[in-house]
Amino acid sequence: MNPRLVFVLALFVWVIGVADGLAQRPGRLYVSVLDADSGKPTPVRVRLTRSGKPVPAVPNEAVAVSYGLWDHADGYAVQPDSSFYVAGAFSLTLTAGVYDLTLSKGNEYVSQTHKLRIIPNSQLRQTYRMTRWINMAARKWYSADDHIHIRRSIRENKPLLSWIQAEDIHVGVLLKMGDFWETYYPQYAFGEQGQYREGNYILSPGQEDPRTPELGHALGFGATGSVRYGRDYYYYDKVFDELHNRGGLTGYAHQAESFHGYRGLTLDGLRNKVDVLEILQYCVSAQPLRTEHYYRMLDLGFPLTATAGSDFPWCGHDHEHGPPEHSAQIGNARFYTYVDGPFSHAAWQLAIAAGHTFVTSGPILDLTVNKALPGGKLSLKKGDTLAIIAEAYGHAKQIPLEAIELVAHGRVLGRVSKNDPGQSTTHLAIKLNLKDVTHGMWIAARCYGASNQAAHTTPIYITVDGGGFHNPETAANYLAQCEQYLQELEQELETHRDSPEFRAWYYKKGLKTRIDEVRQLLDELRSRLSK
């Protein structure tokens with residue numbers, strides 16, 4: 001072979017090898033994220049993919065907290081959807097290639113996705129600014145997730161606060177969880193001692209306990225201490241009474257659907273033991289807004305504040321506890337509370353007790369009736385007029401609106417959609433004057449967006465000439481449903497199960513006493529609500 005040809009071939013092989021080696025050399029990515037309004041670094045959620053697949057690399061700056069089902073260490077620095085949180089900046093060494101970088105910060109900020117090309121043996125420095133499409137805190141509405149399960153010591157306060165700041169959640173309620181045997185996700189303190197605040201962002205302790213498959217999952221937050229009666233575990237009312245004594249609020253989780261929560265809601269709600277009901281969550285189905293049992297209690301004349309929570313890390317397809325479209329994520333179901341005055345935990349809790357809330361998985365809702373906010377109580381005289389105004393706000397790409405509805409006693413009073421004149425995917429408005437009002441009612445607003453996004457307000461309660469706001473037309477049917485739920489529970493009490501998970505039968509005597517008490521109330525309601 002020609003020596004010159006051999007030399008050329010060898011040189012070609014060497015050049016190819018060098019080029020291939022250079023191509024395999026990594027590059028370095030530096031990212032800074034600022035708030036567009038303040039110009040300061042801001043916590044965000046980051047997801048990095050390549051060819052549609054998550055990149056396994058995690059930066060040293062990732063804000064890490066241990067989390068998992070049953071208080072196990074299932075995750076730490078990476079979220080269930082392979083994203084991670086940073087406090088405003090991060091850097092990564094990456095192999096050469098093209099990547100997709102997604103930055104998000106809750107519902108009120110516009111999410112961003114950027115194409116990044118990493119060049120071998122070089123640096124890429126990028127600065128991004130997160131922009132709000134709406135600022136609800138400036139309007140005195142503060143977001144909250146009332147259902148987060150993460151164990152917390154004092155050392156977790158700062159990183160956990162970064163997590164809720166990255167989701168733009170102003171109040172994150174960390175719930176100690178219990179069952180018949182033990183408790184999980186401990187909180188280092190309750191009451192003011194267990195609250196941690198930086199600016200207008202607060203971590204607060206609470207409890208999801210008792211939890212049983214026969215009566216549902218109870219909620220409590222804002223109390224000076226957690227409450228648990230191991231020997232009387234199925235007597236939820238004892239827990240609710242003591243939580244109230246300790247300055248807390250009580251309620252039922254999971255729309256009162258999962259784990260037969262509608263039975264517990266009947267048993268305790270009709271005896272005025274319950275303050276709030278989670279009506280929006282992704283645990284039950286891909287349709288997060290579920291109001292069947294909410295409307296039942298409202299039509300029977302029992303006011304309940306609407307709340308919402310993610311049930312992180314439980315509710316998501318990652319752990320087979322939710323619809324396949326949704327990953328477990330803090331803040332994917334949230335509620336807003338109107339606080340008129342300086343924002344504090346105490347003011348926030350008082351506003352929840354007053355019912356000044358709406359729940360949402362994206363859309364923003366605004367409702368007034370005669371200028372009263374959700375939770376407001378209006379006392380009218382027969383023949384008076386109600387001026388109702390409801391508006392919904394969305395983002396054309398992120399939260400495109402579909403329709404808004406005014407609802408009274410569960411029936412639609414008025415509806416407009418994005419296709420109606422003057423309406424759009426970013427703003428929907430409906431105004432209605434009800435003249436010559438003759439009877440009491442509750443009025444709420446609800447709206448729907450794309451991809452099963454939804455929102456719903458707590459009602460405004462209207463009474464006429466000293467009457468109630470109940471619905472006489474549905475009362476008989478709903479009272480019959482309540483009786484049906486009591487009978488279901490009675491059947492449970494007669495069923496001695498070997499499974500240690502089902503223990504209602506063991507508390508037969510005490511629960512039967514409570515059932516009898518509710519039946520007396522049903523008799524009184526039949527007489528009163530039929531008028």
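Helices (H or I, at least four residues) and strands (E, at least two) are DSSP runs, numbered from the N terminus. What you're looking at is a predicted model, where local features need pLDDT of at least 70 and side-chain atom pairs count only at pLDDT 80 or more, while totals for chains, interfaces and linings use all residues. Residues are numbered from 1 along each chain as its sequence is written, and side-chain values use heavy atoms, with hydrogens and water left out.

**Confidence**

- The protein chain has an average pLDDT (the predictor's confidence in each residue, from 0 to 100) of 93, and 93% of the residues score at least 70.
- Residues 6-22 fall below 50 in pLDDT, and beyond near neighbours in sequence this stretch makes two contacts (heavy atoms within 4.5 Å) in the model.

**Cavities**

- A cavity is a set of points, on a 1 Å grid over the protein atoms alone, where a 1.4 Å probe fits but cannot get out; lining residues have an atom within 4 Å of a point.
- A volume is the space filled by probe spheres set on the points, with grid points joined across faces, edges and corners.
- The structure has two cavities of 30 Å³ or more.
- About 50 Å³ is the volume of the largest cavity, and its lining includes Phe190, Pro205, Gln207, Phe221 and Leu243.
- Which strand gives the largest share of that lining? It's β13, with three residues; β13 (201-208) and β15 (216-221) each supply at least two.
- The lining of the largest cavity splits into five nonpolar, six polar and no charged residues, where Ala, Val, Leu, Ile, Met, Phe, Trp, Tyr, Cys and Pro count as nonpolar, Asp, Glu, Lys and Arg as charged, and the others, Gly among them, as polar.
- The second largest cavity comes in at about 30 Å³, and among its lining residues are Tyr234, Tyr235, Tyr236, Arg271 and Arg514.
- Helices α3 (236-245), α4 (261-269) and α8 (508-529) each give at least two residues to the lining of the second largest cavity, which has six nonpolar, no polar and four charged residues.

**The second largest pocket**

- A pocket is an open set of points with protein on both sides within 12 Å along at least five of seven lines.
- The second largest pocket holds about 420 Å³ of space.
- Its lining has 23 residues, and Trp70, Arg211, His217, Phe259 and Trp314 lie nearest its centre.
- By class, that lining has twelve nonpolar, six polar and five charged residues.

- Arg446 sits in strand β27 (residues 441-449).
- Is Arg446 buried or exposed? Arg446 is buried (under 20% relative accessible area; exposed is over 50%, partly exposed in between, with a 1.4 Å probe and protein chains only), because its relative accessible area is 12%.
- The Arg446 side chain makes a polar contact with the side chain of Tyr295 at 3.0 Å and another with that of Tyr448 at 3.5 Å. A polar contact is a pair of N or O atoms within 3.5 Å; within protein, one must be able to donate a hydrogen and the other to accept it, and residues adjacent in sequence count only if both atoms are side-chain atoms.
- Tyr295 is also one of the buried residues of α5, a helix (residues 292-299) with seven of its eight residues buried.
- After α5 comes Gly301, with a positive phi near 95°.
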